Number of protein chains: 2
Amino acid sequence: MKKDFIKACLREKPDRVPVWFMRQAGRYIPEYLELRKKYSMRELVKNPELSAKITLMPFKYLDLDAAILFSDLLVILWGFGIDFEWGKGEGPFVKDKKIESFSLMPFNFLKKEIEILKKELDVPLIGFTSAPFTLLSYLIEGRFQRDFPETRKFIYKKSLEWHDLMEKISHGIAEFLKFQADSGCDALMLFDSWAGALSTEVYSKMIFPYTQKIFKSIEGKIRIYFSVASTHLITIINGYSCEVIGVDWRVPLHFAIDFLGKEHAVQGNLDPAILFSNFDMIKKELDKIKDVRRGINGFIFNLGHGILPGTPIDNLKKIIQEVHTWQI
Amino acid sequence: MKKDFIKACLREKPDRVPVWFMRQAGRYIPEYLELRKKYSMRELVKNPELSAKITLMPFKYLDLDAAILFSDLLVILWGFGIDFEWGKGEGPFVKDKKIESFSLMPFNFLKKEIEILKKELDVPLIGFTSAPFTLLSYLIEGRFQRDFPETRKFIYKKSLEWHDLMEKISHGIAEFLKFQADSGCDALMLFDSWAGALSTEVYSKMIFPYTQKIFKSIEGKIRIYFSVASTHLITIINGYSCEVIGVDWRVPLHFAIDFLGKEHAVQGNLDPAILFSNFDMIKKELDKIKDVRRGINGFIFNLGHGILPGTPIDNLKKIIQEVHTWQI
């Protein structure tokens, strides 16, 4: 029988509104913070037993409707023969920039993580990686840069080379997602964290066709697209052949549901910053979401971005309890 | 007789489409880079003769229709008894956070800079400072942070304190803008560089009323509002009582003109990253802008954000020459 999360992805009526949180396996869980004292990110990510353990950690506290692999957006780079470092506080950075043709060889650890999880989990498992624009931005800039000026210069100045690189990278991303599905993942998510830096015209010509090709190459799987600060791109994003579109807190949810909801399930979008307030305050925001999504099968409750470090677990718990009481 | 820039701000027909560039007095000018070897930012900003000299530097190369004070968004903090440092590469950072009541005492150097410039300049002079949200974000975060999580937490968790601080800061900003106008500035611009981090609801309740109050308190002056990555806020921004709204490259210009153009002049919005391409490529983008703004009195040509370091002066020169040939 289909689980609620899968039903909502397919816009079929779930029994309860499904809930999961981006970065649910992360820095707000005491057991995770303990592990991080002993192991580096690289050690955790490459160790299938530990990764699986971390993926399962939030389930000790939270009645979540989906799990997401503990991994990293940039892990896929290893398939292109590129390494990267996890920086302190500023996010990961990439030193190498020479792209080799994509190989699945380095990803045995991930296959094993998925296999362990499929035995343990009672809810669907989400696999993921970086969308092509965000991945290529990392390669060009080396790390997060406000508004990604070098990437934008590159797109305008070396547009042919850009197309070549996007082609190459998109091929690898499609392979990597297929591999995750074949290994047992029930849904596949592309994170386009930096897409919001681009104009509508550039996104539509230089990005959309590649991301779309990836989605088309994994038709039949459950496909999720998530981007940040990209309200200005929403008419283009609406064209993606994917089941679910995730939105951040910048997009008014009623607009997302009206606009994207005709052909997609919508996932989002409570501001993760509000989780540091008392629950009365949070409840007011939940009530708004409750009203807006009423009658919509294709709604998956999530935050507008990842859980922030230090978020009180108790608020997450109460949110799930509350959302699970909602009538569809 | 009114200059073209002023006419366009007031949506009266200018003789030529006026052009100026954000950060036109900056890091792409050889003479400026020379000065920076000898003086710190603090020394330059606090020295009225040197600041005036830098403000005038681009006019050696470029036939610009407006000048903008060489200063910094955070200089206003000195009026609140707060100091800040110019960081290397990462932008300025604020250590102090205790806000005193606003005083114009520290700004004699600015008055003098404006007086020198008014004697030298043949075009209107733009004064500016930070919009209240961006300024308060700096105080809360200390420096630029992706998506400003601490500021968002603060808004939700301490909303009463937020309103108090915004009230205090907005009062100072209004005083500071009046002071710049009284000293001789012809137009006043508020930079809301970080506004895009907020949801429409939060922006509308927690930010808009304060920025609007500032604009209303300087009615009769030429007022410009500029924000970045804020397309999702455009219906709210359209409510500002100001003459000009500046948009970044994310906003399609035809949309900005259709939507904002009914009650505002529109300023923008070529992506500054394109200036590193050859002029043929730039010309194609200019032609699009030329068509979109045809028939519009209230259009001021600018970039979608500041000139990037290392931008070829020659491309800036050619852009101005080209835009100045356009029929209104």
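Q: Ground rule to start: two strands count as paired if DSSP finds at least two bridges between them. With that in hand, how do strand E4 and strand E5 of chain B pair?

A: They run in the parallel sense: E4 (residues 125-130) and E5 (residues 187-192) of chain B share five bridges. Within that pairing, B:Phe128 sits opposite B:Met189 of E5(B). The strand and helix names come from DSSP runs, numbered from the N terminus, with at least two residues (E) for a strand and at least four (H or I) for a helix.

Q: Before we go on, what sort of model is this?

A: It is a predicted model, in which local features need pLDDT of at least 70 and side-chain atom pairs count only at pLDDT 80 or more, while totals for chains, interfaces and linings use all residues. Residues are numbered from 1 along each chain as its sequence is written, chains are lettered from A and ligands numbered from 1 in the order in which they are written, and side-chain values use heavy atoms, leaving out hydrogens and water.

Q: Thanks! What is the strand order of the sheet in chain B?

A: The order is E1-E4-E5-E6-E7-E8-E9, an open sheet of seven strands with parallel pairing. The edges are strand E1 (67-68) and strand E9 (299-303) of chain B; each has a single partner strand, so one side of each has no neighbour in the sheet.

Q: And what order do the strands of chain A's sheet have?

A: Chain A has an open sheet of seven strands in the order E1-E4-E5-E6-E7-E8-E9, also with parallel pairing. Strand E1 (67-68) and strand E9 (299-303) of chain A stand at the edges, each with a single partner strand, so one side of each is left without a neighbour in the sheet. Inside the sheet, strand E6 (residues 222-227) and strand E7 (residues 244-246) of chain A run parallel and are joined by three bridges. There, A:Phe226 stands opposite A:Gly246 in E7(A).

Q: Switching to helices: at what angle do H7 and H8 of chain A pack?

A: At about 110°, with the axes of H7 (residues 149-157) and H8 (residues 159-183) of chain A 5 Å apart. That makes H7(A) roughly perpendicular to H8(A). For angles, under 35 degrees is roughly parallel, over 145 roughly antiparallel, 65 to 115 roughly perpendicular and the rest oblique. The axes are lines fitted to C-alpha atoms, for helices over the stretch in contact, and angles run from 0 to 180 degrees between N-to-C directions.

Q: Which residues of H7(A) and H8(A) make that contact?

A: From H7(A), they are A:Thr151, A:Phe154, A:Ile155, A:Tyr156 and A:Lys157; from H8(A), A:Ser159, A:Glu161, A:Trp162 and A:Leu165. Contact here means heavy atoms within 4.5 Å.

Q: How do H6(A) and H7(A) pack?

A: Helix H6 (residues 132-141) of chain A meets H7(A) at an angle of about 105°, with their axes 8 Å apart. H6(A) and H7(A) are therefore roughly perpendicular to each other. The residues involved include A:Phe133 and A:Ile140 of H6(A), and A:Pro149 and A:Phe154 of H7(A).

Q: New topic: how many residues of chain A are in contact with chain B?

A: 34 residues of chain A are in contact with 34 residues of chain B. The area buried between the two chains is about 3000 Å², with carbon and sulfur atoms giving 56%. A:Arg146, A:Tyr156 and A:Arg250 supply 24% of what chain A buries against chain B, more than any other three residues. Buried area is the accessible area (1.4 Å probe) that two parts lose on being put together, summed over both.

Q: How many salt bridges are there between chain A and chain B?

A: Six, counting a side-chain nitrogen of Lys or Arg within 4 Å of a carboxyl oxygen of Asp or Glu. B:Arg152 forms a salt bridge with A:Asp271, with the closest N and O atoms 2.4 Å apart. Over all chains, the count comes to 48 salt bridges.

Q: Which residue does A:Glu85 form a salt bridge with?

A: A:Arg42, with the closest N and O atoms 3.5 Å apart. This pair links distant parts of the chain, 43 residues apart: A:Glu85 is in strand E2 (residues 84-85) and A:Arg42 in helix H3 (residues 41-46) of chain A.

Q: Last one, on the backbone: is the peptide bond from A:Gly268 to A:Asn269 cis or trans?

A: Cis, with omega near -15°, and A:Asn269 is found in strand E8 (residues 265-270) of chain A. In chain B, the bond from B:Gly268 to B:Asn269 is cis, with omega near -15°. B:Arg23 has a positive phi of about 60° although it is not a glycine; B:Arg23 lies in the loop between helix H1 (4-9) and helix H2 (30-38) of chain B.
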